[in-house]
Each structure stands twice: as C-alpha cells, then as structure tokens.
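Here are my notes for a first look. Please keep the model open beside them.

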Amino acid sequence: MTINPEQILQFSPLHRLQWEEAQQKYVILYPEGMVELNQSSAEILKLCDGAHNPAQIVEELEAKFAVTGLSNDIHNFLNIALQNGWIKQG
C-alpha cells in the first residue's frame, strides 16, 4: 500500500493523536499501546485532517518552516503511517 498523491488523508479513527504532557511530545494512542512522535512526524500527522492531500501537506509545511525539499521525507513518512494504520486515504 502506498500513498496516492491526489487523495485526501485522514487520521485513523482507531487511533488518537494527542499532546502528552508527561512526555512533552505528541503521541499516537491505540488499544495496544502508544507511539511517541518527534516534532516533524507530529506536524505531518496534524495535517492528516481529512482536508489535505500529500502535496498540500508538503506545501503547507515548507511554508510554515520556510524550507524546501521536504517532499521525499514527508511522502516516506506518510507511507509508513499508512502501512501502520495511523492514517487512511479517501
């Protein structure tokens, strides 16, 4: 399963993305446990909100952090997130 660049991404309803004060970072909560995220991963997943496709996520993050060339890294992470069931397309 790979990311379709034209489809909208949405965080999985089976998981929850939230700020965890104790860890001072965003985490993904799911029935079997928790995944701690670095800042970059959290910023990407926050945009998997049912309103952005991968190209829009890249564009928004490059503008937010005033950098270019993030496309490959973001697409690689989105593929991992899709394979782990954290996000879905459609």
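1. Buried means under 20% relative accessible area, exposed over 50%, and partly exposed in between, with a 1.4 Å probe and protein chains only. Glutamate 43 has a relative accessible area of 12%, so this residue is buried.

2. A word on the source. This is a predicted model: local features need pLDDT of at least 70, side-chain atom pairs count only at pLDDT 80 or more, and totals for chains, interfaces and linings use all residues. Residues are numbered from 1 along each chain as its sequence is written, and side-chain values use heavy atoms, leaving out hydrogens and water.

3. Glutamate 43 sits in helix H1, residues 39-46. Helices (H or I, at least four residues) and strands (E, at least two) are DSSP runs, numbered from the N terminus. Setting aside residues up to four places away in sequence, glutamate 43 touches Leu61, Lys64 and Phe65. Contact means heavy atoms within 4.5 Å.

4. Leucine 9 belongs to strand E1, residues 9-11. Its relative accessibility is 0%, so leucine 9 counts as buried. Beyond neighbours within four places in sequence, its contacts include Ile3, Cys48, Pro54, Ile57, Leu78 and Ile87. Leucine 9 and isoleucine 87 are 78 residues apart in sequence, yet 6.6 Å apart in space, C-alpha to C-alpha.

5. Now the core. A nonpolar core is a set of buried Ala, Val, Leu, Ile, Met, Phe, Trp, Tyr and Cys residues joined through side-chain atoms within 4.5 Å. The largest one has 20 residues; Leu45, Ile57, Leu78 and Ile87 touch the most other members. E1, H1, helix H2 (54-64) and helix H3 (71-83) each give two or more residues to this core. H3 supplies the largest share, five residues.
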